[in-house]
Amino acid sequence: MDSYNRTNLQHIKDIFEQKTGVFLADRPHRCSIRLVLVAAAMAVCSLTMMAFSADLFSPLAGDELRLCATYEGDGLVAVYVENHSDKELRFQEQVKLMRWSTAEEIAPLSGEVIFGETEFPSHTAGVMTIDLSGAYTIAALEEPLVGDHYYLVLTNHHFVFGQDWICEVAFAKPILPEEEEPTPLPPAETDAAAADHIMEELQPYFAYTFTDVASHLNHLNGYYAKCRELLAEVKGNTVAAKSPHLYVGITPANVVFDETVSFDAQYRLVGQYRSTLDLYHIPVGSHETERALVLSADIPLHKGDTDGGAPIPLIYIMTYDTNEIKSPQDYTLIRGRLMTFAALEPYKVFEDDRYVCYNVTNIFYSDLDQYVKDFVDARGDVYFDETIWERVQNIYTYYTDKEILREQLYYMDTSKPK
């Protein structure tokens with residue numbers, strides 16, 4: 001999950017300096033008289049705009065927000081927004097689509113970008129939808145990038161410095177350069193209890209350790225093909241997981257996961273995203289479109305870090321359309337296990353007339369200690385001690401409490417929080 005931090009600010013400053021020739025940082029340089037006059041004029045303009053926008057939500061005034069963008073397909077981007085400020089945040093219906101490696105804007109074909117839900121009152125969370133399908137060639141955006149990614153620039157005041165925010169968005173799975181092949185993880189069968197009840201035909205996929213991207217993609221294609229074959233033989237109704245706009249809200253102010261982290265930074269220790277794969281690169285469902293809502297715990301890269309660490313997926317939540325479930329004896333396939341909804345009943349944490357959610361974390365792993373050890377060993381670049389271990393345990397304990405999770409789940413439709 002992205003947050004507005006010093007790195008974002010520096011990146012924006014760099015772009016500003018590159019485009020205008022006006023240096024914002026205190027660094028020794030020589031300026032022509034013309035540049036000095038331009039800088040002076042811009043400073044006056046900046047002061048005028050600052051006075052005009054004094055009441056606007058702005059990180060320069062200490063206002064904080066969190067952004068996380070998810071590509072829903074067909075040009076639709078869902079941006080999860082958390083407003084941690086005492087001010088209301090109102091995004092303008094303007095967006096810039098940028099390429100990270102060059103910091104250049106992708107020119108739209110038209111201005112037909114459609115926004116949904118742009119206003120977020122103080123201390124609330126919600127989803128803003130941005131439909132890019134009318135303004136860009138979506139097929140081109142969905143082409144995988146090699147060692148690069150896109151990001152959106154959002155604003156609440158005409159992209160004025162300090163009134164805009166960046167948010168990474170992936171339109172396709174990135175292709176890693178050859179020199180950056182992913183580090184293999186131990187086979188998923190290391191957790192014997194969690195591996196229990198996995199369908200026999202799928203068990204070979206859990207003992208597999210990939211060594212390169214191509215073999216991993218072939219492995220996934222084989223897994224999904226086998227799932228389709230198995231589900232076609234099931235006598236009964238089978239239901240696939242959905243990905244509605246359902247998120248976990250802001251961590252309450254009185255919750256402390258790590259006593260060594262400042263009180264107002266606790267929320268940074270927990271992230272959330274949707275994923276088709278678990279920690280061991282095993283599909284969460286039986287089809288490429290099935291995703292779990294994942295809550296992650298932040299493990300720092302260095303001692304004392306409170307932002308920008310490595311997220312370990314900790315809580316897995318699967319969501320289904322209640323109208324597709326005809327009977328408690330209907331089936332779904334979760335991480336290699338064919339289960340009835342009657343068997344899933346103990347995991348239920350939310351239900352209404354449209355969706356039902358299950359916290360299925362125990363299906364993904366049963367031994368938290370081994371699970372975290374696998375992650376730390378595979379990464380090799382994180383800082384981990386007893387304090388961080390206690391942090392992970394606290395986050396796990398908090399979000400595996402049924403009542404707490406039910407209260408924290410924030411359900412909304414595609415345009416307006418409910």
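I started with Lys 348, which stands opposite Tyr 358 in S19. Strands here are DSSP runs (E, at least two residues), helices are DSSP runs (H or I, at least four), and both are numbered from the N terminus. Three bridges join S18 to S19 (residues 355-359), and the two run antiparallel; strands count as paired if DSSP finds at least two bridges between them.

A note on the model before going on: it is predicted, so I kept local features to pLDDT of at least 70 and side-chain atom pairs to pLDDT 80 or more, while totals for chains, interfaces and linings use all residues. Residues are numbered from 1 along each chain as its sequence is written, and side-chain values use heavy atoms, with hydrogens and water left out.

Next I looked at the whole sheet. Five strands make an open sheet, S13-S14-S15-S19-S18, with antiparallel pairing. S13 (270-275) and S18 (348-351) are the edges with a single partner strand each, so one side of each has no neighbour in the sheet.

Which helices lie on this sheet? H9 (residues 368-379) packs on it, touching S14 (292-299) and S15, and its direction makes about 125° with that of S15. H10 lies across S13, S14, S15 and S19, at about 155° to S14. Contact means heavy atoms within 4.5 Å. Angles run from 0 to 180 degrees between N-to-C directions, with axes fitted to C-alpha atoms, for helices over the stretch in contact.

I then checked H10 itself. At 1.5 Å a residue, its 14 residues (386-399) should span 20 Å, and the end C-alpha atoms are 20 Å apart, which agrees; the expected span is 1.5 Å times one less than the number of residues. Asp 385 caps the N-terminal end, with a side-chain oxygen 3.0 Å from the backbone nitrogen of Thr 387.

Notes
Polar contact = N/O pair within 3.5 Å; in protein donor to acceptor, adjacent residues only side chain to side chain.
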